[in-house]
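I opened this model to see how its parts hold together. My notes follow in the order I looked things up.

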Amino acid sequence: APQAKMDPWKVIGVEKEGADADRVRKAFHKLALKWHPDKNDNSVEAKEKFQQINMAYSMCLEELEGTGGKQADDPFDDEDVDQSPASGKTESHKERQRREKQERREEEERARKAHQEFLQKKQEEGSRLKEAQQKARRTASRQQRAAPRRPEGMERGRPPPPPP
């Protein structure tokens, strides 16, 4: 049987007037948890309802995407499009999100590399310190072996003989 055209807003349970992406997302998550097939013994009804909820969610977001996740009631609000002063090109909300995500990845990679370099320097410092300590022990041992012997009568535990 052909499926009647569904109203995604009714499926998600959000009024179209005044809707924003955050409200749609919250409603979607609530319904998705309720109707997820894994939580409903993989019933056919749950699978169909879950697919319908996913489709409605996508449709609602697509509708809102043109307005940057807000209802288009302010014609002068260009928050969903950025004007890049350097290039003079405009950037859509999705493009800006992609660029910012890439910048975050690059920053995380730089931080990871800096941390690796820090750990490597610490390890090298530890190795140098250990080598210096070993060298000091060897030097002290050599000096101890080379120290002059005590004169006769000055053995340990005995007082030196009285002067004549």
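**Confidence**

I started with pLDDT, the predictor's confidence in each residue, from 0 to 100. For contacts I used heavy atoms within 4.5 Å. Where pLDDT is low, the predicted coordinates should not be read in detail.

I noted the ground rules. This is a predicted model, with local features needing pLDDT of at least 70, side-chain atom pairs counting only at pLDDT 80 or more, and totals for chains, interfaces and linings using all residues. Residues are numbered from 1 along each chain as its sequence is written, and side-chain values use heavy atoms, with hydrogens and water left out.

Next I checked the chain as a whole. Its mean pLDDT is 80, and 76% of its residues reach 70 or more. Among the elements, helix H2 (residues 21–35) has the highest mean, 93. Strand S1 (residues 82–83) has the lowest, 51.

**Layout**

I counted elements as DSSP runs, numbered from the N terminus: helices are H or I with at least four residues, strands are E with at least two. The chain has 4 helices and 2 strands. Along the sequence I read α-α-α-β-β-α.

I looked at burial next. Buried means under 20% relative accessible area, exposed means over 50%, and partly exposed is in between (1.4 Å probe, protein chains only). Of the 164 residues, 16% count as buried. The chain exposes about 14,100 Å² by the Shrake-Rupley method with a 1.4 Å probe. Carbon and sulfur atoms supply 51% of that area.

I also checked contact range. Among contacts with a separation of 6 or more, 44% are between residues 24 or more positions apart.

**Core**

Which residues touch the most other members of the largest nonpolar core? I took a nonpolar core as a set of buried Ala, Val, Leu, Ile, Met, Phe, Trp, Tyr and Cys residues joined through side-chain atoms within 4.5 Å. The largest has 19 residues, and the best connected are Trp-9, Ile-12, Val-14, Val-24, Phe-28 and Ile-53. Helix H1 (8–12), H2 and helix H3 (44–65) each give two or more residues to this core. H3 gives the most, with 7 residues. In soluble globular proteins, nonpolar side chains tend to be buried together.

I followed Phe-28 further. Leaving out residues up to four places away in sequence, Phe-28 touches Ile-12, Ile-53, Asn-54 and Tyr-57.

**Rings**

I searched for aromatic pairs: rings of Phe, Tyr and Trp (its six-membered ring) with centres within 6.5 Å, called stacked with planes under 30 degrees apart, edge-to-face over 60 and tilted for the rest. The structure holds 1 such pair. Phe-28 and Tyr-57 form it, stacked at 4.0 Å centre to centre with 10° between the planes. Phe-28 lies in helix H2 and Tyr-57 in helix H3, so the pair ties together parts that are 29 residues apart in sequence. Both residues are buried.

I then looked for a charge over a ring (NZ of Lys or CZ of Arg within 6 Å of the ring centre and within 35 degrees of the ring normal). The charged end of Lys-49 sits over the ring of Trp-35, 5.8 Å from its centre.

Most residues other than glycine have a negative phi, and most peptide bonds are trans. I noted Asp-41, whose phi is positive, near 50°. Asn-42 also has a positive phi near 50°. Asp-41 is in the loop between H2 and H3, and Asn-42 lies in the loop between H2 and H3 as well. Is Asp-41 buried or exposed? Asp-41 is exposed, at 75% relative accessible area. Asn-42 is partly exposed, at 43%.

I checked Gln-52 in helix H3. Gln-52 is partly exposed, at 25%.

Asp-20 is in the loop between H1 and H2. The C-alpha atoms of Asp-20 and Glu-65 are separated by 9.6 Å, and the two are 45 residues apart along the chain.
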